[in-house]
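Subject: Structure handover

Hello,

Here is the structure I said I would pass on.

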Amino acid sequence: MQFPDDATLIARGKYSTLGKERRKQLVRVQQTSANLLGLCQQAMHGVQAEQADTKAISAMQTHVDSLKDAGDRIVDLGMDMAELKHHAWPE
């Protein structure tokens, strides 16, 4: 088996590394979304009991900020991967 040239192999390595980070961010989104859902339910329960849970509401903002950050990173990683793809697999 003959390997592609070094530039192609390097591009494939970079593409793979970006893909791994993208998958990590997708897991982050899944976990954060699940946590946010739990906090929403907790806050709603408190509101219905006329005892607003300010800690849950505050934590919800932290999770929303984390989702925004992860979403931005996923978009950026996707753009970087798209740029590398034609170098990594020129055929």
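The notes below go from the whole chain to single residues.

This is a predicted model, in which local features need pLDDT of at least 70 and side-chain atom pairs count only at pLDDT 80 or more, while totals for chains, interfaces and linings use all residues. Residues are numbered from 1 along each chain as its sequence is written, and side-chain values use heavy atoms, with hydrogens and water left out.

Overall form

The protein has two helices and zero strands. Both kinds of element are DSSP runs numbered from the N terminus (helices: H or I, at least four residues; strands: E, at least two). Along the principal axes, the C-alpha atoms fill a box of roughly 70 × 20 × 15 Å.

Of the contacts with a separation of 6 or more, 78% are between residues 24 or more positions apart; contact means heavy atoms within 4.5 Å.

Surface and charge

The accessible surface comes to about 6,800 Å², and carbon and sulfur atoms hold 57% of it. Areas come from the Shrake-Rupley method with a 1.4 Å probe, and for residues only the protein chains shown count as cover. Buried residues make up 25% of the 91 residues. Here buried means under 20% relative accessible area, exposed means over 50%, and partly exposed is in between (1.4 Å probe, protein chains only).

There are 11 positive and 12 negative charges, and their mean positions are 5 Å apart. Lys and Arg count as positive and Asp and Glu as negative, with His and the chain ends not counted. The place of a charge is NZ of Lys, CZ of Arg, CG of Asp or CD of Glu.

Salt bridges

The structure holds three salt bridges, each defined as a side-chain nitrogen of Lys or Arg within 4 Å of a carboxyl oxygen of Asp or Glu.

- E21 pairs with R73, the closest N and O atoms being 2.9 Å apart. This pair links distant parts of the chain, with E21 in helix α1 (residues 6–48) and R73 in helix α2 (residues 54–88), 52 residues apart. R73 is partly exposed, at 36% relative accessibility.
- R28 pairs with D69, and their closest N and O atoms are 2.9 Å apart. This pair also links distant parts of the chain: R28 is in helix α1 and D69 in helix α2, 41 residues apart. R28 is partly exposed at 22%, as is D69 at 33%.
- K68 pairs with D72, with 2.9 Å between the closest N and O atoms. Both lie in helix α2, four residues apart, about one turn of the helix. K68 is exposed at 53%, whereas D72 is partly exposed at 35%.

Two residues to look at

Leaving aside neighbours within four places in sequence, E21 is in contact with R73 and L77. The C-alpha atoms of E21 and T54 are separated by 33 Å, the two residues being 33 apart along the chain.

H63 is in helix α2. Is H63 buried or exposed? H63 is buried, with a relative accessible area of 19%. Beyond neighbours within four places in sequence, H63 is in contact with T32, N35, L36 and L39.

Regards
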